[in-house]
Amino acid sequence: MSYGTALRAALGIALLTLMDAVVKAQMQQHPFIVALFMRFAMGGLCALVVLALARPAFPSRASLIGNTIRIPVVVLTAGSFFYSLSVLPLAETLTLSFLAPVFVALLGALILKERLDSRILQALGFGVAGMLVMVWPRLQGEVSGAGLGVAAALFSAVSYAFNLILLRKIALKEHPAIIVLFQTGGPALCLAIPVWPHFVPMTGQDLLAYLVAGMLGVGGHLAITSAFARAPASRLAPIEYTALIWASLLGWFVFAEAPLLTTYAGALLIVAGAFAVSRR
């Protein structure tokens with residue numbers, strides 16, 4: 001794997017983590033569903049610009065079906081993740097998302113009939129242990145709503161894993177701009193009606209913030225997609241864990257969040273489990 005490919009992946013992770021911080025800040029001012037809708041709406045506009053510049057071939061019928069099926073999964077994944085962000089520190093939510101590679105392996109065995117070996121079970125054990133170490137203080141009543149936030153983060157990790165399983169069938173055959181458009185514009189259309197009763201007036205600063213979030217999201221997804229097209233997923237997996245560094249820094253300086261020591265202890269166990277899966 002070249003340094004350029006590694007830098008692409010690291011840049012993508014940094015951009016997506018920064019996007020998470022922007023949306024988290026907006027959720028302190030706007031209802032959760034409004035912030036979620038605006039993130040996808042602005043992301044969809046940015047994706048349309050990228051599509052107009054890239055001018056890829058029209059997607060095949062199989063691609064249209066596959067990408068459309070993924071839309072509600074993306075809504076569930078992002079919705080649960082951003083809800084977790086609204087009640088948990090940024091670093092903790094990101095760390096819980098590291099369980100996704102373990103769930104990918106488990107779902108791959110269940111759905112794609114891939115071999116379920118002892119390393120997957122070992123990874124699951126590490127992941128569960130890390131999760132318990134990390135969230136135990138939060139479940140002792142120290143933070144209101146923390147239990148529901150933890151549950152949302154775990155649901156998001158499972159949903160994200162299922163999303164990746166679906167993506168495997170179309171990622172190698174479809175242009176990244178098409179994929180990003182479906183996973184941003186599609187959820188925006190799905191949320192347009194539910195968000196209407198909760199919508200609030202937007203200032204120019206609000207619109208700019210959501211536009212920045214959309215640009216960061218599209219840029220991050222394109223960078224990661226480009227990196228995965230140049231190197232095996234197992235080689236790039238460790239770079240994903242740099243998100244904890246960015247999340248810790250952003251949480252500390254932007255939201256005055258001081259992660260507990262148990263967050264890092266749990267992260268070590270979860271990452272150890274994910275490494276066991278990626279090195280199968």
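Residues are numbered from 1 along each chain as its sequence is written, and side-chain values use heavy atoms, with hydrogens and water left out. Because the model is predicted, local features need pLDDT of at least 70 and side-chain atom pairs count only at pLDDT 80 or more, while totals for chains, interfaces and linings use all residues.

**Exercise 1. Describe how helix α1 packs against helix α3.**

Step 1. Locate the helices: α1 covers residues 3–27 and α3 covers residues 61–87. Helices are DSSP runs of H or I with at least four residues, numbered from the N terminus.

Step 2. State the geometry. The helices pack at an angle of about 65°, and their axes are 9 Å apart. Axes are lines fitted to C-alpha atoms over the stretch in contact, and angles run from 0 to 180 degrees between N-to-C directions.

Step 3. A crossing is right-handed if the near helix is turned clockwise from the far one by less than a right angle, and left-handed if anticlockwise.

Step 4. List the residues that meet. From α1 come Met19, Asp20, Val23, Lys24 and Met27; from α3 come Phe81, Phe82, Leu85 and Ser86. Contact means heavy atoms within 4.5 Å.

Step 5. Sort this contact by class: 6 residues are nonpolar, 1 is polar and 2 are charged. Ala, Val, Leu, Ile, Met, Phe, Trp, Tyr, Cys and Pro count as nonpolar, Asp, Glu, Lys and Arg as charged, and the others, Gly among them, as polar.

**Exercise 2. Describe the packing of helix α2 and helix α8.**

Step 1. Helix α2 spans residues 32–54, and helix α8 spans residues 176–195.

Step 2. Their angle is about 145°, with 7 Å between the axes. The crossing of α2 and α8 is left-handed.

Step 3. The contact of α2 with α8 comprises 21 nonpolar, 5 polar and 1 charged residues.

**Exercise 3. Determine which side chains meet in a salt bridge, and which parts the pair ties together.**

Step 1. A salt bridge is a side-chain nitrogen of Lys or Arg within 4 Å of a carboxyl oxygen of Asp or Glu. The structure has 1 salt bridge.

Step 2. The partners are Lys24 and Glu257, at 3.3 Å from N to O. Lys24 lies in helix α1 and Glu257 in the loop between α11 and α12, so the pair ties together parts that are 233 residues apart in sequence.

Step 3. Consider the surroundings. Both Lys24 and Glu257 are buried, Lys24 with a relative accessibility of 6%. Buried means under 20% relative accessible area, exposed over 50%, and partly exposed in between (1.4 Å probe, protein chains only). Beyond four places in sequence, Lys24 touches Leu85, Leu88, Leu90, Phe255 and Glu257.

**Exercise 4. Characterise the position of Gly220.**

Step 1. Gly220 belongs to helix α9, residues 204–228, and is buried at 0% relative accessible area.

Step 2. Gly220 and Gly12 are 208 residues apart in sequence, yet their C-alpha atoms are 3.9 Å apart. Apart from neighbours within four places in sequence, Gly220 contacts Gly12, Leu15 and Leu16.

**Exercise 5. Describe the phi angle and setting of Arg55 and of Ala256.**

Step 1. Arg55, although not a glycine, has a positive phi of about 50°. Arg55 is in the loop between α2 and α3 and is exposed, at 72% relative accessible area.

Step 2. Ala256, also not a glycine, has a positive phi of about 55°. Ala256 sits in the loop between α11 (243–255) and α12 (261–278) and is exposed, at 68% relative accessibility.

How values were computed:
Helix = DSSP H or I, 4+ residues; strand = E, 2+ residues; numbered from the N terminus.
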